[in-house]
Amino acid sequence: MNLRQLRALVEVQETGSLQEASTRMHVTQSALSKTIKEFELELGVTLLVRSNKGVSLTEGALRLLTHARQVMESVRRAQQEIEDFKGTVVSEINIGVTPVTALFPALNDALTRFQAEHPKARLKVQEMRPAHLLQRLRDGLLDFALTSQLPLSTVGFEWHALGQMPGALIGRRNHPLRNVRSLRLLQHANWISADPLSDSQSQLSQLFEGNGLPQPARLMECTALSLAFQQVSQTDALMITCRLNNQDPRVTMSGLDIEEIQVNEPIPDYPINLVCLNRAYLIRSAAALFDMLEDRR
């Protein structure tokens, strides 16, 4: 097994075509086919299925694909580390955040400081759901991530707890149920979940299950956070989110007629975790930003 074989597998999967994959690898199509064939003989499994729609990976190849991507990304980062040391390229750092962790004050502070101290580094910050962050970390497409997810298992990842952001129940200003203090009575209102309804770790799931109540019957899943906030501000829907101002729990969110609704039951906090595959594998500039975030716990 060598890098050329692994790259061939990745390129074929991404393009779905031997011709396009060979073009990206700057080899002839016959040379690429030979590489794949040698790889199949070495492994003793079929890797590609050919059809009139192109080529696709077999189940065995798909199991190998994640490892192939990780190897290719590790090689890329190793090359970047050396070029960065020589000062011949601009470092590129890819980090992932969730809609909640994007609001974590320490993140903004760390990014500001990092850009001042590393003006030549290129930062890419991508927002996605917690489950997607972990998958992109596994695939080697992110250096590290800030997630509001509790780890079901720490196997394969390093988890560094940075703190918590208080949870809050929000509704539009002057909501007709704003003076209701019982979650049981609010259960029959319209609700919005910014997390997948199947996510047992979501703050909404924790709130209702922790109080022995089923999830609301009138519950809309809306993972587009800006749209969810618009819905809350313009309808009678309720939603669990992080408190944006720790000093004033009744603050109206900027630009939206939204405020916190007080209930007797405690709203679950959002844990903020810094996650990577292995801190020791980060290139120097990515490790510097990682350390800045840890230092601001």
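Is Asp-236 buried, partly exposed or exposed? Asp-236 is partly exposed, with a relative accessible area of 33%; buried means under 20%, exposed over 50% and partly exposed in between, with a 1.4 Å probe and protein chains only. The model is predicted: local features need pLDDT of at least 70, side-chain atom pairs count only at pLDDT 80 or more, and totals for chains, interfaces and linings use all residues. Residues are numbered from 1 along each chain as its sequence is written, and side-chain values use heavy atoms, with hydrogens and water left out.

**Stop 1: Asp-236 and Arg-172.** Select both residues. They form a salt bridge with the closest N and O atoms 2.8 Å apart (a side-chain nitrogen of Lys or Arg within 4 Å of a carboxyl oxygen of Asp or Glu). Asp-236 sits in the loop between helix H9 (225-234) and S10, while Arg-172 belongs to strand S7 (residues 167-172), 64 residues apart. Helices (H or I, at least four residues) and strands (E, at least two) are DSSP runs, numbered from the N terminus. Arg-172 is partly exposed at 25% relative accessibility.

**Stop 2: Asp-195 and Arg-129.** Here the closest N and O atoms of the salt bridge are 2.7 Å apart. The pair links distant parts of the chain, 66 residues apart: Asp-195 is in the loop between strand S8 (191-193) and H8, and Arg-129 is in the loop between strand S4 (122-127) and helix H6 (130-138). Asp-195 counts as buried because its relative accessibility is 14%; Arg-129 is also buried, at 13%.

**Stop 3: the largest cavity.** Helix H8 (203-210), S10 and strand S12 (270-276) each give two or more residues to its lining. A cavity is a set of points on a 1 Å grid over the protein atoms alone where a 1.4 Å probe fits but cannot get out; lining residues have an atom within 4 Å of a point. The largest one holds about 230 Å³ of space.

**Stop 4: Arg-113 and Glu-117.** Both lie in helix H5 (residues 105-117), 4 residues apart, about one turn of the helix. Arg-113 is partly exposed at 35%, as is Glu-117 at 46%.

**Stop 5: Arg-243.** Find Arg-243 in the loop between strand S10 (238-242) and strand S11 (258-260). Arg-243 is partly exposed, with a relative accessible area of 21%.

Definitions and conventions. On a 1 Å grid over the protein atoms alone, a cavity is a set of points where a 1.4 Å probe fits but cannot get out, and a pocket is an open set with protein on both sides within 12 Å along at least five of seven lines; lining residues have an atom within 4 Å of a point. Grid points are joined across faces, edges and corners, and a volume is the space filled by probe spheres set on the points.
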